[in-house]
Amino acid sequence: MLSQARAALRTAGLRGCLLVRDLRTGEELAIDPDRPMPAASLVKVPLAMATLERVRLGIIDGSSPVTVAPGRLETPGPVGISRFRHPVSLYVEDLVHLSTSLSDNSAADALFALTPPDEVTAGLRRWAVDGFTVRHDMSELTRTPVELFPTGQTHLAHVLASAGSTPGSGHVLAQLDITRASIATARACADVLQLLWTPSVVDPGVARRVRDHMAAGVHRQRLTPDFVSDASRWSSKTGTLLHLRHEMGVVEHDDGQGFVIVALTESEVAAVHQPQAEAAMAHAARYLRDALRKECG
Amino acid sequence: MLAACHAFTSVSAHGSFTLGAAAIGIPQPVASRRVAALEAHVGGRLLDRSPRQVALTDFGRELLPSARRLVEFAEAVERSAEQARRRPLEFALPEHIASWRLASLVADARRRDVRLHLAAANPRTRAVSVQAREVRASLLPVPPAEGSWSVALGVVGEPPKRKGPWYLETLRLGRGDDPALRRRIWLSAEDDVPHVRDRLVDRSRALGLLPGQVKLGASLVSAAATVSRSRDLLIGTAVEAEDLRMSWSPLGDLSLTRGYQVEASSHEDGRRLRDVLRVEIAELLGAEPCA
């Protein structure tokens with residue numbers, strides 16, 4: 001059944017790391033779950049956890065607002081303060097919402113200014129998550145070849161992304177080089193979600209708020225269409241960088257069952273918009289979750 | 001030297017300047033001048049001119065066999081040139097062109113005094129054959145702007161419901177569609193060239209088609225066979241569609257064109273095919289002759 005999921009991904013030109021885990025039993029099905037990949041916006045989940053924890057402990061002042069410079073971006077994709085033309089004054093809690101639910105890079109970088117990447121990583125290590133390392137903030141990710149190519153030729157940046165690997169999982173582009181970029185494995189992502197969705201060392205109030213922000217995610221074109229329903233709650237965070245398309249989420253059924261779903265993929269198709277690839281990711285993830293549910297009963 | 005020897009051998013054979021000159025179609029004074037020039041050149045009298053007849057000197061008798069051989073060789077050169085001119089021009093064309101069309105081309109070429117001997121092969125083989133001089137000329141695929149002929153490519157095999165262009169985006173799967181049932185568009189070996197294949201692949205990616213939805217067929221026939229028994233489609237010309245007895249539509253969201261140029265081992269052969277047979281080759285391919 002793993003080969004079926006692999007085949008579904010391959011048909012869409014994807015190579016991926018998938019992991020589905022039953023939250024109650026811990027049973028899981030996985031494809032390449034320990035392969036590190038650039039994490040892109042997935043870092044905003046541990047960023048939210050670290051930030052809210054530091055507010056709770058008083059390390060960050062959550063009671064006075066922070067001024068955030070506008071991103072003033074005009075290209076399609078980014079949302080929130082990233083597109084604002086004027087500075088804003090926001091409280092940290094609200095910045096956490098924008099960063100997590102909207103994947104707003106300007107909000108995230110305002111949070112990184114309060115909790116540097118190293119500190120986020122240290123938090124992950126304290127929570128015993130090893131495969132997730134945060135090395136830089138989001139501004140690094142807006143300096144990719146995509147920004148260099150004129151409109152209509154951005155797919156060429158994807159050709160560069162697909163072809164630019166060097167031996168040992170390096171890459172000519174720093175943002176895709178796993179020795180220089182923020183990285184995560186599918187298993188580490190699942191472990192982070194397990195910390196949030198099951199009782200753990202993470203403060204329950206912090207965990208609840210991060211869960212709520214993930215349930216309010218606005219990027220719903222990837223795994224969401226295949227997992228959302230009236231009979232379940234779907235919460236997730238997407239991550240996209242050049243030819244990488246990721247999502248990590250949790251589906252909670254009204255009968256009490258819950259599953260962690262993580263999909264980290266890289267595409268060999270040089271196209272910016274790939275709805276079929278995203279559908280294939282969801283199809284493969286659903287397939288594995290259904291297989292796991294049958295096995296566990 | 002040759003003309004002089006020709007006059008000398010003819011006069012000697014006929015024993016008279018008048019008859020000898022007439023036999024080779026030159027005026028008698030010219031024959032006399034040429035023999036005299038030869039005598040000056042070889043440094044001695046070859047013929048004794050007496051009122052009643054012309055006879056060989058001893059010197060002339062010595063030189064006569066060689067002079068004859070020179071004239072015979074010259075005639076042999078002319079004969080082989082004539083033969084070479086008559087040799088058929090081996091011309092390599094794309095595979096799977098209908099026989100009646102090929103026969104038409106050969107017949108039309110004969111009317112224009114070009115004798116063709118046709119061979120069919122895929123583009124790579126045709127290019128190699130003309131470089132290796134296995135054929136005297138090949139019709140090779142080139143970007144349309146560089147060719148003497150261009151022919152529009154469209155979609156073959158879609159049942160015609162209405163006239164009008166067919167959109168490649170039609171093949172794009174919807175979110176609820178089963179990828180196993182995806183339709184594919186096939187390209188034949190004739191179009192496995194960058195200015196067709198790469199443009200089709202790039203456009204299909206941009207339109208959201210899956211990578212496996214554009215495929216290269218082993219040959220036009222195998223691709224057509226797949227198309228005839230499935231909902232897949234083939235890229236081809238209107239002439240190819242007609243010969244396959246399938247429908248043809250122009251492409252709506254992409255313009256694909258085949259260009260053709262003649263590459264020949266001799267300049268003259270190239271000229272004959274490009275210029276003399278320009279219209280006939282255009283008809284064969286269903287192409288437009290380019291300026």
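A salt bridge here is a side-chain nitrogen of Lys or Arg within 4 Å of a carboxyl oxygen of Asp or Glu. By this rule the count over all chains comes to 37 salt bridges. The model is a predicted one. Side chains of opposite charge can pair when their charged atoms come close.

Begin with a pair inside one helix. Arg56(A) and Glu53(A) form a salt bridge, and their closest N and O atoms are 2.9 Å apart. Both residues lie in helix 2 of chain A, residues 44-56. They are three residues apart, about one turn of the helix. Their surroundings can be read from accessibility. Arg56(A) has a relative accessibility of 42% and counts as partly exposed. Glu53(A) has 17% and counts as buried, because buried means under 20%.

Glu119(A) is partly exposed, with a relative accessible area of 27%. Arg126(A) is exposed, at 61%.

Next comes Arg222(A) with Glu278(A). The N to O distance in this salt bridge is 2.5 Å. Arg222(A) sits in the loop between helix 9 and helix 10 of chain A, and Glu278(A) sits in helix 11 of chain A, so the pair ties together parts that are 56 residues apart in sequence. Both Arg222(A) and Glu278(A) are buried. Elsewhere, salt bridges that share partners join Arg21(A), Glu28(A), Asp34(A), Arg187(A) and Asp191(A) into one network.

Now turn to the sheets. Strands of a sheet pair through backbone hydrogen bonds, either parallel or antiparallel. In chain A, five strands form an open sheet in the order 2-1-12-11-10, with antiparallel pairing. Its edges are strand 2 (28-31) and strand 10 (232-241) of chain A, each of which pairs on one side only. Neighbouring strands of this sheet are turned by 10 degrees against each other on average, direction ignored.

Two bridges join strand 6 of chain A to strand 9 of chain A, residues 183-184. Thr133(A) has Ile183(A) in strand 9 of chain A as its bridge partner.

Where do chain A and chain B meet? The contact takes 15 residues from chain A and nine residues from chain B. The area buried between the two chains is about 940 Å², and carbon and sulfur atoms give 58% of that area. Thr11(A), Val269(A) and Gln276(A) supply 54% of the area that chain A buries against chain B, more than any other three residues.

How many salt bridges cross the interface of chain A and chain B? The rule finds one. In a salt bridge of 3.5 Å, N to O, the side chain of Arg175(B) meets that of Asp226(A). Four residue pairs are in polar contact between chain A and chain B, counting pairs with both residues at pLDDT 80 or more. On the side of chain A that touches chain B, helix 10 (224-227) and helix 11 (275-296) of chain A are the elements that give two or more residues. Helix 11 of chain A gives the largest share of that side, five residues.

End in chain B, at helix 1. Thr9(B) lies in this helix, residues 2-14 of chain B. Is Thr9(B) buried or exposed? Thr9(B) is buried, with a relative accessible area of 11%. Leaving aside its neighbours within four places in sequence, Thr9(B) is in contact with Leu64(B), Ala67(B), Arg68(B) and Val71(B). Ala3(B) is found in helix 1 of chain B as well. Ala3(B) is partly exposed, at 35% relative accessible area. Ala3(B) and Arg34(B) are 31 residues apart in sequence, and their C-alpha atoms are 7.2 Å apart in space.

Conventions. Residues numbered from 1 in each chain as written. Chains lettered and ligands numbered in written order. Predicted model: local features only at pLDDT ≥ 70, side-chain atom pairs only at ≥ 80, totals over all residues. Heavy atoms only, no water. Helix = DSSP H or I, 4+ residues; strand = E, 2+ residues; numbered from the N terminus. Buried < 20%, exposed > 50% of the residue type's maximum accessible area, 1.4 Å probe, protein only. Contact = heavy atoms within 4.5 Å. Pairing = 2+ DSSP bridges. Axes fitted to C-alpha atoms, helices over the stretch in contact; angles between N-to-C directions. Buried area = accessible area lost by both parts, 1.4 Å probe. Polar contact = N/O pair within 3.5 Å; in protein donor to acceptor, adjacent residues only side chain to side chain.
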